[in-house]
Amino acid sequence: MLETLTTGNVLDLTRRSFLRVSASTAGGLLVSMYLGLPLAAQEGAQPKPKAYPPDAFAQIRPDGKILITVNRLEFGQGVYTSLPMILADEMDADWSQVIAELAPAADVYKDPLYGIQMVGGSGSIAHSFQQYRELGAKTRAMLVAAAADQWKVAPDQCRAEASVVHGPSGQLAKYAELAQAAAKQPVPATVQLKDPSQFRFVGKHVRRLDSRPKCDGSIKFGLDLDLPGMKTAVVAHSPVFGGRVKTFDDKAARSMEGVREVFEIPLVRGTAVAVVADKFWTAKQGRDRMKIDWDLSAAKPADSAQLFADYKELAHSPGNVAVNRGDQKAMDAVATSNRIVAEYEFPYLAHTPMEPLNTTIRFDGDRAEVWAGSQFQTVDQMAIAEVLGLKPEQVTFHTEMAGGGFGRRAVPDSHVQREAAAIAKRLRGTPVKLVWTREDDVQGGYYRPMHVHRIEIGIGHDGMPVAWRHVIVGQSILTGTPFAALLIKNGVDETAVEGTVDTHYNIPNFHVSAHHPQVNVPVLWWRSVGHTHSGFVMETLVDELATRAKTDPIAYRLKLLSPDAKKLRACLALLEEKSTAWRKSVPRNHAVGIACHESFETGVACAVEVSIEDQRPRIHRATITVDPGVAVNPLTIESQMQGGLGFGVTQLMAKGAITLKNGRVEQRNFDGYTPPYIKDAPVAVDVHIVPDTEKPSGCGEPPVPVITPAVVNALAKLTGKRYRSLPLASI
Amino acid sequence: MMVGHVAPSGAARKFSAMHFGKIVLLFASLVALAAWTSNPRREGQQSAPPTVATTRTDGLAAWQQVYSVLTHPRCINCHTATNYPQQGDDRHRHFANVLRGPEGKGVPALQCVTCHQTANADSTGVPGAHDWHLAPFSMKWQDLNDKILSSTEICRSLTDRSKNDNRDGAALLKHNTEEPLVLWAFQPGRRSDGSMRTLPPLTHEEFVTATRTWVEAGTPCPQTR
Amino acid sequence: MEIYTITVNGLSKQVTVDPGTPLLWVLREELKMTGTKYGCGIAACGACTVHLGGVATRSCVVPISLVGSRPVVTIEAMATDPVGRAVQDEWVSLDVVQCGYCQSGQIMSAAALLKSIPKPTDKDIEESMGGNLCRCATYVRIREAIKSASQQLKV
């Protein structure tokens with residue numbers, strides 16, 4: 001593992017002026033990437049505490065504006081606001097002067113825990129809370145020290161507030177005035193952080209910094225990029241994953257005015273044809289007119305119907321053991337009439353973020369410049385460098401504002417970036433924007449994998465489970481990726497069994513195992529990953545147990561949860577407080593459904609009110625409680641809870657499935673794969689945050705797993721049916 | 001006015017035999033009776049006196065041809081009984097929650113003309129014609145379960161002047177001949193995947209001819225089974 | 001390629017494009033107005049919504065050849081439109097946006113609704129906004145913000 005810093009800058013980083021004249025000076029921050037595996041993946045190695053130079057994160061401008069650099073992609077989750085809040089609070093900055101920017105790829109912006117620059121695992125606040133606090137505190141300390149120097153007083157005689165340092169005798173100095181002197185101060189090795197009671201912004205409802213530009217058309221996403229001389233590329237992909245181009249006829253494409261080049265490019269698997277044109281519409285028309293003869297001999301055709309049949313068969317026998325607790329013979333002692341045997345089916349799911357995938361690259365021979373809304377900057381930068389024959393440090397990587405991601409922009413094999421790089425390589429000197437159309441996106445793979453679960457539960461006389469056998473069948477997301485060494489143990493991919501193996505329910509004689517078939521369909525994490533299916537399974541089964549035991553669903557869960565399931569218990573208690581009144585007075589043809597789940601260290605509980613309208617579930621309201629440790633920005637958290645529930649409804653939609661027939665994806669666009677519209681999502685959602693002083697955990701993913709079981713648990717009351725197959729094609 | 005009255009043709013007059021004349025008269029009465037019994041609501045409705053060639057049988061056969069066009073997806077998709085249009089040859093509910101709205105033209109931010117322009121947009125796969133909108137409920141040709149109504153039901157509703165915008169036979173013929181939305185069905189343009197939309201079972205000319213025959217026969221409707 | 005003259009946000013613009021080029025791409029690539037977004041290309045998501053001749057229109061499916069003399073109004077003009085501005089202000093006040101990519105279209109649809117029905121019911125809102133997709137599912141606050149904007153606007 002090599003770490004080299006650009007010569008001459010090591011010491012300079014701690015003394016660099018806070019005054020930045022132009023963005024080009026930010027180039028001095030670029031340092032070599034770690035090569036090889038992420039820090040956390042090193043066998044037995046603990047991540048070294050890293051020195052983060054404050055000036056890479058906060059700049060005070062002469063006009064008083066404070067520019068805070070966000071080490072994450074902003075793709076809706078709100079870090080563009082909440083991370084600056086944390087830094088600004090410890091810095092005692094004037095919030096009205098704070099502006100933000102998204103960090104380019106650089107060593108200093110890597111996730112402190114994972115050692116790569118990334119967004120995922122709902123980890124942004126969780127991993128950078130302490131980091132940004134320290135950065136803010138250090139900045140403040142240096143400003144105060146500069147003022148104290150000037151006034152010849154002790155720093156602890158000064159106080160700072162709203163970008164002003166106040167001296168003991170009424171002196172005051174604005175941060176902008178002190179910036180240059182502060183830059184000359186030594187960066188403190190340690191700092192005193194605020195007591196939470198001193199927070200001015202953290203814990204408050206703070207509105208987003210990026211709202212207005214997102215409302216007036218001025219914000220630029222990756223797809224909006226326009227550079228002088230830029231061309232646009234659209235790629236023709238094989239109809240079956242892994243196909244190779246045999247021959248192609250580009251006459252029709254080339255006859256179109258504005259089509260510049262047509263050529264074959266290598267992919268991660270197989271090859272494709274790129275059509276490069278002056279404008280997107282021309283490129284797309286050209287691509288659509290291509291006649292390509294594909295070699296599909298190495299492209300094994302996957303078929304959803306066949307896969308489900310295969311998976312169900314596999315599910316009848318245990319796979320690689322993930323958890324084996326207690327005595328498996330305990331099941332034998334339970335009469336079959338006291339058992340539940342349940343089989344669950346889950347389809348492939350596409351992420352379909354609203355902004356179609358895109359990357360812009362200009363390759364100049366000895367360097368390259370990239371613009372991408374990437375969740376995986378370090379990984380993508382390395383992949384692009386590899387394709388272009390460069391070192392990662394020769395690739396400048398700008399992080400663009402992204403129109404959603406949900407995991408789709410964090411791809412271990414960087415396949416879209418590699419496509420873009422292959423095209424840019426051919427068009428040396430010309431910036432090229434690669435655009436995936438919506439059809440490319442819906443048909444392009446990297447789906448939440450299909451799953452089958454088979455569960456057998458032995459029920460005791462008190463209605464509580466006495467034995468639980470659980471087999472999960474689904475492709476492994478992490479196989480073949482750098483994360484495999486870390487997260488695949490004993491042949492079990494953790495991302496397939498999370499939500500079951502780590503359940504807080506006190507289930508004795510608990511056995512969970514997994515089969516990971518190899519299928520020719522690329523798969524990826526979809527917002528909340530394994531919890532998307534495990535949460536549904538656990539919470540519908542527990543509900544069924546509660547019904548059998550004639551026990552209130554919340555009471556049953558509280559009884560079944562282990563005593564130290566602190567967050568879930570707190571969420572359920574708060575849920576009871578906030579929803580009992582309305583739950584007891586729903587109209588005749590409405591029913592209530594309950595679910596709770598903990599994921600990414602955050603507990604969530606939810607109650608929904610559902611009726612059936614037009615043969616579909618109508619979600620009139622949801623009350624959701626969440627325990628994310630310290631709530632940094634309750635407004636952001638409410639957004640994520642509301643949005644996460646609505647996003648989770650994707651799994652219930654009649655057309656919420658990607659299916660394959662003879663290797664070909666049957667859906668093309670939102671007409672065939674239909675995510676939730678306004679009428680499908682809960683009409684009203686009230687969010688309640690459990691007050692907690694524990695370190696903050698994530699909010700982006702935790703709400704997603706609870707909506708599907710909560711709704712289905714309500715439907716069960718209305719129809720008497722148990723729904724074990726998603727999506728809900730019919731009810 | 002006495003409907004179905006058959007004026008003796010020139011050919012019939014050639015045969016002055018009483019016997020033959022009685023047969024013609026009897027035949028005419030039967031035709032008149034049949035026409036009258038199959039169209040109980042035809043009071044006040046004008047129709048071209050049918051020629052001998054345009055018999056009720058001919059008219060009914062022509063109607064079946066008309067019916068085959070009306071119930072083709074290109075036509076029936078906008079003659080729904082529900083608050084939504086249909087699309088596609090499988091007549092599934094129109095995507096994006098498009099709704100009928102108070103006047104069959106959609107709702108303020110999601111009107112028919114939000115997407116459908118006055119001509120087909122073959123480059124983007126959206127069909128278009130002047131004044132794209134849903135037929136009113138009175139002109140529904142399906143039931144609330146999206147099931148296509150029978151030949152008798154549609155024929156009755158089509159010839160019911162309280163439902164058909166007060167059209168007589170001539171006006172119906174004019175509608176089928178000239179109405180842009182009708183014409184559209186026979187030139188429905190390309191889908192977004194580049195394939196051509198399927199056509200009704202008759203050409204527009206054949207459709208007009210069938211309509212004319214049916215109208216000349218007095219717009220007869222088949223009996224209910 | 002043909003020459004077309006269209007009116008966009010009150011200004012006359014001339015472009016030379018293929019007749020089948022959707023208005024969306026004329027706006028984005030010929031006129032460099034990227035506020036109107038590409039989400040699907042088949043009018044299923046509403047991200048491309050503009051006002052064409054005063055009607056909320058999905059620009060991704062309208063070829064430039066069918067625009068004619070009808071004025072085009074885009075998200076970029078909403079800040080100076082009383083209804084558009086009220087909608088934007090409530091969107092900001094209630095923190096509606098998350099990733100923001102769909103919001104140009106949402107705001108254009110909401111503005112069209114309010115221009116037609118200044119005091120919409122919940123049903124009016126759900127129906128008119130029913131075809132605008134938001135993958136972040138900001139729908140709860142979209143409903144609230146439209147109601148709030150309606151209250152802000154004088155009848």
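Domain bounds, the first thing to know here, come from an automatic or database domain assignment. With those bounds, the centres of domain 1 and domain 3 of chain A lie 37 Å apart, taken over C-alpha atoms. This is a predicted model, so local features need pLDDT of at least 70 and side-chain atom pairs count only at pLDDT 80 or more, while totals for chains, interfaces and linings use all residues. Residues are numbered from 1 along each chain as its sequence is written, and chains are lettered from A and ligands numbered from 1 in the order in which they are written.

**Domains of chain A**

- Chain A splits into domain 1 (9–215), domain 2 (222–298 + 357–435) and domain 3 (315–348 + 447–719).
- Helices (H or I, at least four residues) and strands (E, at least two) are DSSP runs, numbered from the N terminus.

**Helix pairs**

- Two packed helices are described by the angle between their axes and the distance between the axes. Axes are lines fitted to C-alpha atoms, for helices over the stretch in contact, and angles run from 0 to 180 degrees between N-to-C directions.
- In chain A, α2(A) and α3(A) pack at about 35°, with axes 6 Å apart. Their crossing is right-handed; a crossing gets that label if the near helix is turned clockwise from the far one by less than a right angle, and left-handed if anticlockwise.
- The contact of α2(A) with α3(A) has 11 nonpolar, five polar and four charged residues.
- In chain B, the axes of α3 (residues 56–70) and α5 (residues 151–158) come within 11 Å and cross at roughly 90°, so α3(B) and α5(B) are roughly perpendicular to each other. Angles of 65 to 115 degrees count as roughly perpendicular, under 35 as roughly parallel, over 145 as roughly antiparallel and the rest as oblique.
- W63(B), Q64(B), Y67(B) and L70(B) of α3(B) meet S151(B), I154(B) and C155(B) of α5(B). That contact counts five nonpolar, two polar and no charged residues.
- In chain C, the axes of α2 (residues 82–93) and α5 (residues 139–152) come within 9 Å and cross at roughly 130°, which makes α2(C) oblique to α5(C).

**Chain B overall**

- Chain B has eight helices and four strands, in the order α-α-α-α-β-β-β-β-α-α-α-α along the sequence.
- Of its 225 residues, 36% are buried; a residue is buried if 20 or more other C-beta atoms lie within 10 Å of its own, exposed if 12 or fewer, and partly exposed in between, with C-beta atoms placed from the backbone.

**A closer look at V473(A)**

- V473(A) sits in strand β19 (residues 465–474) of chain A and is buried, with 26 other C-beta atoms within 10 Å.
- Beyond its neighbours within four places in sequence, V473(A) has contacts including Y311(A), H451(A) and P517(A).

Conventions. Nonpolar A, V, L, I, M, F, W, Y, C, P; charged D, E, K, R; others polar. Contact = placed C-beta atoms within 7 Å.
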